[in-house]
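Please open the model in your viewer and keep the selection panel at hand. The stops below follow one another, each with something to select and something to look for.

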Number of protein chains: 2
Amino acid sequence: MLTEPHPDEEALSPAVAAPGLAPPRSRPAPRVAVVGATGAVGAELIACLEARAFPLASLRLFASARSAGRRVRFRGAELVIEELTDESFDGIDIALFSAGATISRHYAPLAAEAGAVVIDNSSAFRMAPEVPLVVPEVNGAVLAGHGGLNGSGGIIANPNCVAAIMTVALAPLNRVHPIRRIQAATYQAASGGGAAMMEELRAGTAAALDGREYTPAILPHPYAFNLFSHNAEVDPRSGYNGEELKVIAETRRILGAPGLPIGITCIRVPVLRAHAIALTLVFDAPVSVSETRAMLSAAPGLRILDDREANHFPMPSEVSGQDDVFVGRIRTDLGDPTGCSLSLFVVGDQLRKGAALNAVQIAETLVGG
Amino acid sequence: MLTEPHPDEEALSPAVAAPGLAPPRSRPAPRVAVVGATGAVGAELIACLEARAFPLASLRLFASARSAGRRVRFRGAELVIEELTDESFDGIDIALFSAGATISRHYAPLAAEAGAVVIDNSSAFRMAPEVPLVVPEVNGAVLAGHGGLNGSGGIIANPNCVAAIMTVALAPLNRVHPIRRIQAATYQAASGGGAAMMEELRAGTAAALDGREYTPAILPHPYAFNLFSHNAEVDPRSGYNGEELKVIAETRRILGAPGLPIGITCIRVPVLRAHAIALTLVFDAPVSVSETRAMLSAAPGLRILDDREANHFPMPSEVSGQDDVFVGRIRTDLGDPTGCSLSLFVVGDQLRKGAALNAVQIAETLVGG
């Protein structure tokens, strides 16, 4: 465990803030907690805080009793995982939650009551009207109305990974030419199901290659060289699964387009950590490929990789570990005889922009704002 | 090599026709050749001929000089691969080609001139007006106008794998309610790139799991736990790749719907041998899920796997090695506010219905018709 006195009282520990990495801010560096520190997103949250030199006075890591006592390296120091309890949030300014909706429903209100701003990666509060749902590049302005780090607490929701990645690519177009309809098919990586699902993919694939029997640990079917409709519960009325309904509702909310019709099929593929989305967007009038490229290349958090001649487009192998969302295959949709539709292929790292990076960017906005 | 006298002259070899497997037909059993016998589709062609007890008088297997002399088991006998030459087609009634478009362009006309009916799995002749492009369940009737096994030869084209699998699911709906537009995103298996690409996926994945360096043999990027836009050349004007343009043109031709607007994104995923397709179909009026299920369940070559409660839908792991095309995720598309669109998820074995099985079914239609 690495906890330092709050900078109100004392200088930052050199173990926490290497020289030159924490620029002077208008407010003291916050005391940060990560809840769910041993998960795939939790590990990435810690990595993002380190890589981005996030200014912090202290960092505490929480997980279940089972993981308590495990050690994690952070900025040259060794942090010890603590068991999460109702009292864990005393003296915490920002609590980054990534331990599932059940944990968030219980502990996030406790953390907020204790004065922390919760940035919650679960789906628990994403549709609550009083909770902002934020992708900083897209609707970071909504944070201006939030109390911020004044000790009054509050909860901010981090979106579903597909919604976060997708809206980064949609927003720059939607601002200029309102999108009227969206059709999406996803290619979602194992990381969206957590560290256990990534291990299921690795272990199942190793067994398949060796010709060994393998009993899937967390899925009712093999994952090796296989794909499957997202395992979220299916709504019996609409036939859409919970993942698809989340993406629809959250994309509308983030874009500020309440009734936007979105059709989507969410598929899990045997990829480790970057999500891909085949998108078709319908506009009121034709939007040219060159104008689309211009709008996207000027947008924050986006990179265009659209080399038709070299057949080089976004791929998980190149996007994994990257902060930017990549866009390629930009073309006029041949399925729309009016010429008013565009097709795109979008790939983003599920653990970065789809989860941890976006949460840390929200925290940066709060700290810097 | 297993060549037998033509049944005009002598009885079938017991090695070729096991008792009870070759029902009496109105015409003598044909002398069959497989060109490209050592490829992924070639091996599956041989397996289909055996599994379906295709009535044949003889079977000869051709490949490049490099593979000549290799032995293949067939119905308890051992066949020797022969080198393909201009003279290979003397005395052949049906030549099943699966050795790529370059080989087909040279040898298929020679085989047809020698009196064989060529069933060509390559793209070489699929759009030639005089060559039927056939999925037997969908447009098998066009074979009635073809000369057939009367020694006059001719070429019949076997469609692109995505087009074959997709049209099996589309045709039963399109017959009752004409489809006005199609939006598709594919999840294509390694097998579509041949045995070498399947081996690339296996070898690259084994190396990735072991943490070994691996230089891709046939791709410019890793395939292990990765996906990528289909490697067919991209048309610089439209931005669509060759695979997508094939699927569009062939689907229109097989369905007999020349101007049907089709938008499609073709993606290769790290799956070994079954293709999946997320489809959205636009009709003139709403088509209910229950009517769709009824139309699809009565259709040949199709199986519905659409268990919303158990979250059980078509997957490559269950469809690989199956003859039927599987359909699930049948639902009204939420992306179309008019309610006139349906979404489906279709999975079919690329080597079976997407290639070898369809070719053998064409041959069966010729023999039985």
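In which sense, left-handed or right-handed, does α4(A) pass α6(A)? Before selecting them, note that this is a predicted model, in which local features need pLDDT of at least 70 and side-chain atom pairs count only at pLDDT 80 or more, whereas totals for chains, interfaces and linings use all residues. Residues are numbered from 1 along each chain as its sequence is written, chains are lettered from A and ligands numbered from 1 in the order in which they are written, and side-chain values use heavy atoms, with hydrogens and water left out.

**Two helices**

Select residues 161-176 of chain A, helix α4, together with residues 242-255 of chain A, helix α6; their axes come within 9 Å and cross at roughly 35°. (Helices are DSSP runs of H or I of at least four residues and strands are runs of E of at least two, numbered from the N terminus; axes are lines fitted to C-alpha atoms, for helices over the stretch in contact, and angles run from 0 to 180 degrees between N-to-C directions.) The crossing of α4(A) with α6(A) is right-handed, a term used when the near helix is turned clockwise from the far one by less than a right angle.

**Annotated binding sites**

Now select A:Gln188 and A:Arg268, which an unreviewed UniProt entry lists under "binding site"; such annotations may be inferred rather than shown by experiment. They are spread over 81 residues of sequence, yet they cluster in space, with a largest C-alpha distance of 4.6 Å. Both A:Gln188 and A:Arg268 belong to the lining of the second largest pocket. (A pocket is an open set of points on a 1 Å grid over the protein atoms alone, where a 1.4 Å probe fits, with protein on both sides within 12 Å along at least five of seven lines; lining residues have an atom within 4 Å of a point.) A:Gln188 lies in strand β9, residues 181-188 of chain A.

Another "binding site" annotation from the unreviewed UniProt entry includes A:Gly39, A:Ser67 and A:Gln350. A:Ser67 sits in the loop between β2 (58-63) and β3 (71-74) of chain A.

**Both chains**

Finally, display both chains: chain A can be laid on chain B with an RMSD of 0.0 Å by a turn of 180° and a shift of 0.0 Å along the axis, superposed by least squares on the C-alpha atoms of residues with pLDDT of at least 70 in both. The two copies are therefore related as by a two-fold rotation axis.
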